[in-house]
Amino acid sequence: MVNPNLQKYRTRVFAALAFLMLLPITSASAQRVRTAPVRVIKFDQLKAMIDAQTDTTYIFNFWATWCAPCVKEFPNFQKISKRYQSKKVRVIFVSLDFVKDLKKKLTPFVKEHAVTNDVYLLDEPDYNTWIDRVDSGWEGNLPSTLIINNATGKRKIYPIEFTEAELESALKEFIP
Amino acid sequence: MNKQLMKKQIALYSLFLLSFILLTSFGAAPTGYKAGDTAADFKLKNVTGKMVSLADYKTAKGFIVVFTCNHCPFAKMYEDRVIALDQQFAKSGYPVIAISSNDVAIEPDDSYANMVTRAKAKHYSFPYLYDESQQTAHTFGATNTPHVYVLAKDGNNLVVKYVGAIDNSAQDESLATQHYVADAVTSLLAGQPVAVAQTKAIGCGIKWKASASN
């Protein structure tokens, strides 16, 4: 006859072992979608990215977690980014959330949406000093997207909420 | 008609047509009011149920027209500042006229009923008008909320004196170093030119109806 205490002990050991065995699996699956930390930047850093001399087509999506249409169109950029991975296309998310909301809203959003693209929080609350330097045709309304290829010199601001199809057809004007 | 001429005319016509198509499809460039333009009056339904026009304000020297709305976080951040602008300048002849132009099908929070509720809750001392057709926002060229137009009366004309943001710190009023609208109205009241006549700011895009979008 098995000692009931021993039985309890065995169950506990088994449970602990099972837990230890599962641990690497769960952490590995969590690592599979590695979300980069959100970096807080100033406008000069963004400007350097916009002006980078490269033949890559950049899609800068200006958005914020408080902006409902931005949140709605967000996955479309992720999809297009994955679809055009091999085509020298990069999507960069430029958040205009407030720095105080970084940990509370922005970082959780990025994790929840498993964002693998670069996400920056542009900490420049004096908007009038830089909006025209992104594009003079932009009035500052969110969402807005700048698509740019410095090798061809083509750039355009889209002050609209993009559907996946609209974004793809806009992008196609930029890539051969 | 000779063939050569006809060809030329067809070419010219095609060129004209092409440029027209290009202009209309890519002509999202702002066509709204800039400082110095003459603004058109409008007639819109206030939250009281009455229709309001700028022409109703016989003794006003001008107006602080604010395109705003209920739902937008930026409009909410500026709401108390809009109320303060009216309290500061209405008695000197520059009342606030607030207008909501969002498509309520996209943004139900901005419905007329909700506008009425909001105006009552915050004791708006100024009209809060519903631009249901979005015609007024289109005419002014408003794109964001909040988006301000300071107008000054010049005889029977309404001259645009300032277009843009309220100040340069949406999130924290105490950090604002430029009070664009207050400065513009103060200058106008003193008979001085407006130093900063146009600014840009981040804000919620106005929610256009599908048929009238951009």
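Let's start at one spot: Leu142(A) has Cys204(B) as its bridge partner in E10(B). Those E labels are strands, DSSP runs of at least two residues, while H or I runs of at least four residues are helices, and both are numbered from the N terminus. What you're looking at is a predicted model, in which local features need pLDDT of at least 70, side-chain atom pairs count only at pLDDT 80 or more, and totals for chains, interfaces and linings use all residues. Residues are numbered from 1 along each chain as its sequence is written, with chains lettered from A and ligands numbered from 1 in the order in which they are written.

Now follow that strand. E5(A) and E10(B), residues 203-205, run parallel and are joined by two bridges; strands count as paired if DSSP finds at least two bridges between them. On to E7(B), which pairs with E10(B) in the antiparallel sense, again over two bridges. Here Thr145(B) stands opposite Cys204(B). Put together, you get an open sheet of three strands, in the order E5(A)-E10(B)-E7(B), with mixed pairing. Its edge strands, E5 of chain A and E7 (144-145) of chain B, each pair on one side only.

How do the chains meet overall? 17 residues of chain A are in contact with 18 residues of chain B, where contact means C-beta atoms, placed from the backbone, within 7 Å. Helix H5 (131-134) and strand E5 (141-142) of chain A each supply at least two residues of chain A's side.

Chain A also has a hairpin: E6(A) and E7(A), with four residues between them, and Gly153(A) in the turn has a positive phi of about 80°. Five bridges join these antiparallel strands, with Asn149(A) partnered by Lys154(A).

Methods:
Two residues are in contact if their C-beta atoms, placed from the backbone, lie within 7 Å.
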